[in-house]
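This report describes selected features of one protein chain. The sequence and structure are shown first.

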Amino acid sequence: MTDALAAPALAPPALITGLSTIAEGYDLVFSDVWGVLHNGMKAHPAACEALVAMRRRGVPVILITNAPRQAPVVVGQLDRLGVPRAAYDAIVTSGDVSRDYMRTRPGAPVHHVGPQRDLVVFEGIDTRLVGIEEADYVVCTGLVDDRTETPDDYQERLERMKARDLFFLCGNPDKVVEVGHDLIFCAGAIGDRYQSMGGDVLYAGKPYEPAYEACWRYAERILGHRPDDRRVLAIGDAMRTDVAGAARMGYDCLFLAEGIHAEVLLDSAGVRPEGLAALVAETGQSPRHVMRKLVW
């Protein structure tokens, strides 16, 4: 007997060969950065050219990244990696969203979890950095040493935070990110562990609404109006953030297989349909379009 309450099967994503094949359908692009335009070590020139081509058609491109630093800092990183500024109109970062939250609690003592390089997120914010026992809440931007540590190394600190029921602001909802050919842990992996312990966590970035609303503020200034959500294309390589965020907001998503899910999705012939089907079934997320990597 068929279960009348069973969820309908998710529609299989369409495999496409280039962004040009679907470009006519969209008036606005929200694109991920790391894993799309670069791999943490160098730019992907073909991906950059694809976004340049969209902008030449009059389609604004807003970059939306879970980087836990301010947009100007990310622009500098993109410049160094070789991503041309002609590839995008504006950038929204998780660091910007985190700073918006911190401004709502002026003067509050904060415990920071993350590397020294991320301390820029606190610049100009009325707050004090303190130990766990003195903090009103926690801001996590990543692992202190993401090349050698794992979330296991943070268990004792998380237990101390939970003992005080500290609110946890996760400044990068990504669990992992690709650096060259390696995957390293991000703040989202620590935030997830704290949440699984019953901790109160706010994820300041994709797939949640505040980051996308910040993108819209830029887009509306550029276009002078707000396009239909069905004419928005989100591009990314992460099911948990990029694809889930697009689904939450009602946008189509172009999912790139050559990213953090590459081990499951790719073989020497290209995208594995069975791997894609398994990932869709596992995550409950089905992007509208799929490519190996972003090209025009």
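## A helix across the sheet

In this predicted model, helix α5 (residues 187–196) lies across β5, β7 (137–140), β8 (167–170) and β11. The helix runs at about 150° to β11.

The strands belong to an open sheet of 5 strands with parallel pairing, in the order β6-β5-β7-β8-β11. Its edges are formed by β6 (128–129) and β11 (201–203), each of which pairs on one side only. Strand β5 (residues 109–113) runs parallel to β6 and is joined to β6 by 2 bridges. Across this pair, Val 110 stands opposite Leu 129 in β6.

## The two sides of α9

Helix α9 (residues 273–283) has four named buried positions: Gly 275, Leu 276, Leu 279 and Val 280. These residues lie on the same side of α9 because they cover an arc of only 135° around the axis. On the other side of α9, the exposed residues are Pro 273, Ala 281 and Glu 282.

The elements that cover the buried residues of α9 include α7 (239–249), β13 (252–256), α8 (262–265) and β16 (289–291). Just after α9, Gly 284 adopts a positive phi of about 70°.

## Confidence of the model

The average pLDDT of the chain is 92, and 95% of the residues score at least 70. Over residues 1–8, however, pLDDT stays under 50, and the model has 0 contacts beyond four places in sequence for this segment. Where pLDDT is low, predicted coordinates should not be read in detail.

Notes. Residues are numbered from 1 along each chain as its sequence is written. This is a predicted model: local features need pLDDT of at least 70, side-chain atom pairs count only at pLDDT 80 or more; totals for chains, interfaces and linings use all residues. Side-chain values use heavy atoms; hydrogens and water are left out. Two strands pair if DSSP finds at least two bridges between them. Contact means heavy atoms within 4.5 Å. Axes are lines fitted to C-alpha atoms, for helices over the stretch in contact, and angles run from 0 to 180 degrees between N-to-C directions. pLDDT is the predictor's confidence in each residue, from 0 to 100. Buried means under 20% relative accessible area, exposed over 50%, partly exposed in between (1.4 Å probe, protein chains only). The arc is that of the directions from the helix axis to the C-beta atoms.
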